[in-house]
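Subject: Structure handover

Hello,

Here is the structure for your files. My notes on the helix packing follow below it.

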Amino acid sequence: GITPMLTFLATSPNDDDEHNYGLRCASALRNLLLVNANHERMVRDGVIQAIVRLFYSDDTMTKQHCAAALRNITYNHKFRRLLVDSGAISVIIEDSK
């Protein structure tokens, strides 16, 4: 699926400001996670941990997309414990400040 590729790009070191792959990946993940049917497979592929790591970039828009993507997962009760355990809730709270 697309999730492993996006999570790889999102968490790979990137000095290419022109393309800003982190921002693009965060935006794509946010959009994909708007659909509840995508949650299970994407979570199984490690998307929560990848988004949490990506959040700690220096780019404000990337942070906002990451927090929104994680908020989309909070609507799915099956993954709430994983969100707490992975530090995702802290990311959501930090973004709301």
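The crossing of α4 and α5 is left-handed. Left-handed here means that the near helix is turned anticlockwise from the far one by less than a right angle; clockwise would be right-handed. Helices are DSSP runs of H or I with at least four residues, strands are runs of E with at least two, and both are numbered from the N terminus.

Please note that this is a predicted model: local features need pLDDT of at least 70, side-chain atom pairs count only at pLDDT 80 or more, and totals for chains, interfaces and linings use all residues. Residues are numbered from 1 along each chain as its sequence is written, and side-chain values use heavy atoms, with hydrogens and water left out.

**α4 and α5**

Helix α4 covers residues 47-55 and helix α5 residues 60-74. Their axes are 9 Å apart, at an angle of about 150°. Axes are lines fitted to C-alpha atoms, for helices over the stretch in contact, and angles run from 0 to 180 degrees between N-to-C directions. The pair is therefore roughly antiparallel. The classes are: under 35 degrees roughly parallel, over 145 roughly antiparallel, 65 to 115 roughly perpendicular, the rest oblique.

From α4, the contact uses Val47, Ile48, Ile51, Val52, Leu54 and Phe55. From α5, it uses Thr62, Lys63, Cys66, Ala69, Leu70 and Ile73. Contact means heavy atoms within 4.5 Å. By class, the α4 and α5 contact has 10 nonpolar residues, one polar and one charged. Ala, Val, Leu, Ile, Met, Phe, Trp, Tyr, Cys and Pro count as nonpolar; Asp, Glu, Lys and Arg as charged; the others, Gly among them, as polar.

**α2 and α5**

Helix α2 spans residues 21-32. The axes of α2 and α5 come within 8 Å and cross at roughly 20°. These two helices are therefore roughly parallel. Their crossing is left-handed. On the α2 side are Gly22, Leu23, Ala26, Ser27, Leu29 and Arg30. They meet Met61, Thr62, His65, Cys66, Ala68, Ala69 and Asn72 of α5. Seven residues of this contact are nonpolar, five polar and one charged.

**α5 and α7**

Helix α7 spans residues 88-95 and packs on α5 at about 125°, with the axes 9 Å apart. That makes α5 oblique to α7. The crossing of α5 and α7 is left-handed. In α5, Lys63, Gln64, Ala67, Leu70, Arg71 and Thr74 take part. Their partners in α7 are Ala88, Val91, Ile92 and Asp95. The contact of α5 with α7 has five nonpolar, two polar and three charged residues.

**Two residues**

Thr74 lies in α5. Its relative accessibility is 21%, so Thr74 counts as partly exposed. Buried means under 20% relative accessible area, exposed over 50%, and partly exposed in between (1.4 Å probe, protein chains only). Beyond its neighbours within four places in sequence, Thr74 contacts Arg80, Leu83 and Ile92.

Asn36 sits in helix α3, residues 36-44. At 47% relative accessibility, Asn36 is also partly exposed. Its C-alpha atom is 8.2 Å from that of Asn72, 36 residues away along the chain.

**Whole protein**

The protein has seven helices and zero strands. Of its 97 residues, 35% are buried. Among contacts with a separation of 6 or more, 63% link residues 24 or more positions apart.

Best wishes
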